[in-house]
Amino acid sequence: MKKLLALLLAMVMLFSFVGCGGSGDNGGESSDLKVGFIFLHDENSTYDKNFIDAAVAACKNTGVTMVQKTQIPESTAAYEAAKELIEVDGCDVIFADSFGHESFLIQAAKEYPDVQFCHATGTQAHTAGLANFHNAFAHIYQGRYMAGVVAGMKLNEMIDSGKITADKAKMGYVGAFTFAEVMSGYTSFYLGAKSVCPSVTMDVKFTGSWYDEQLEKQAAQALIDGGCVLISQHADSMGAPTACENAGVPNVSYNGSTAVACPETFLISSRINWIPYFEYMINCVKNGTAIDTDWAGTLENGAVALTDLGKNVAAGTADKLKEVEAGIKDGSIKVFDTKNFTVGGKEVTTYLADVDTDDKFTPDTEAIKDGYFDESAHRSAPYFDLRIDGITLLDENYG
């Protein structure tokens with residue numbers, strides 16, 4: 001009986017591994033390293049699928065074994081998942097993909113000092129004082145700004161064709177929570193659109209969930225019913241794109257192309273490409289070198305990515321995107337240039353951001369530098385939370 005149980009346990013452990021290890025055709029030198037991944041949802045979430053696809057590719061490229069756990073909520077379940085990945089699966093490094101996983105990952109990092117812990121979108125690594133705990137994000141505001149340019153050019157096309165007048169150039173945005181990460185994203189998207197369509201305004205609705213297809217669809221429909229002629233989102237399902245396709249409203253999606261499901265309305269999507277970070281993280285552990293406390297990817301290193309354009313974008317969009325990308329890369333375009341937005345009718349010349357997060361979200365760090373808001377410079381996760389003119393929050397949701 002003991003031999004049978006041992007055999008069954010071995011089989012369970014074997015089938016928990018995703019085939020990124022081994023040798024021969026895996027594209028990377030074989031290694032005994034095991035990397036554990038904790039995902040909030042599974043492949044049905046565009047957010048998690050983006051991470052999962054990158055993890056599979058990075059593990060294959062580096063020749064290591066990937067072990068994944070999906071559907072792990074932002075609770076003690078994240079700590080238990082990390083513990084199991086270490087004690088049962090033998091993982092040397094753990095990565096978790098959701099903001100709410102962070103405190104539970106820190107708990108595990110304190111308990112297992114010889115294991116490296118890496119976390120997406122988190123804010124505490126630079127103040128936690130743990131050599132084995134790290135945060136990672138990207139300057140995704142660069143990609144959202146570029147996606148906003150695509151949206152603005154579509155609005156101009158609608159104005160020029162007589163479909164709308166300039167004063168009706170109102171976009172809608174479906175957000176998950178009223179957090180800095182979402183606020184930074186929708187503001188950069190809006191500023192991209194405004195850079196080519198000066199009359200644009202935007203309404204924002206929050207669902208209170210990262211992934212709720214019905215709520216996201218309802219929010220998008222409410223925005224459309226409220227006069228929004230183009231919709232984007234920072235939420236993880238197909239709810240908003242589906243509502244747009246049904247209504248014939250142009251859509252900028254999130255974390256991947258919806259061109260197949262929504263061929264008539266899809267314009268573009270921006271996303272973080274996590275392969276560069278995962279390969280960096282894995283190679284650091286392989287080589288015994290320190291992982292950055294805060295790592296922030298950019299357009300330059302391929303961490304900020306955009307999909308191919310949809311078939312119904314405005315004429316000249318591809319050339320304009322090349323121009324904008326070059327400007328962001330050479331520094332001539334600053335996404336949060338304070339000359340390009342106002343708050344309460346006034347230009348922002350100084351602003352204390354909440355970078356060193358505490359329970360009261362106390363502002364602590366000057367974020368304005370040389371005439372622009374210096375996003376993701378003091379930590380990798382966004383901290384832009386200004387409420388600029390031209391954007392109306394129809395509701396708020398902090399979870």
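These legends describe close-up views of one predicted model. Residues are numbered from 1 along each chain as its sequence is written, and side-chain values use heavy atoms, leaving out hydrogens and water. In this predicted model, local features need pLDDT of at least 70 and side-chain atom pairs count only at pLDDT 80 or more, while totals for chains, interfaces and linings use all residues.

Figure 1. Helices (H or I, at least four residues) and strands (E, at least two) are DSSP runs, numbered from the N terminus. The C-alpha trace spans about 75 × 45 × 35 Å along its principal axes.

**Figure 2. The open, mixed sheet of seven strands.** The strand order is S13-S11-S10-S9-S7-S8-S18. Two strands pair if DSSP finds at least two bridges between them. Strand S13 (304-306) and strand S18 (391-393) are the edges, each pairing on one side only. From one strand to the next, the twist averages 20 degrees.

**Figure 3. Strands S7 and S9, with helix H6 on the sheet.** S7 (residues 170-175) and S9 (residues 230-234) run parallel, joined by five bridges. Gly172 stands opposite Ile231 in S9. Helix H6 (residues 140-160) packs on the sheet and touches S7, S9, S10, S11 and S13. Contact means heavy atoms within 4.5 Å. The direction of H6 makes about 170 degrees with that of S11.

**Figure 4. Helix H2 against helix H10.** H2 (residues 46-62) and H10 (residues 275-287) pack at about 40 degrees, with axes 8 Å apart. Axes are lines fitted to C-alpha atoms, for helices over the stretch in contact; angles run from 0 to 180 degrees between N-to-C directions. The two helices are therefore oblique to each other. Angles under 35 degrees count as roughly parallel, over 145 as roughly antiparallel, 65 to 115 as roughly perpendicular and the rest as oblique. Contact residues include Phe51 and Cys59 of H2, and Phe278 and Ile282 of H10. By class, the contact has nine nonpolar, three polar and two charged residues. Ala, Val, Leu, Ile, Met, Phe, Trp, Tyr, Cys and Pro count as nonpolar, Asp, Glu, Lys and Arg as charged, and the others, Gly among them, as polar.
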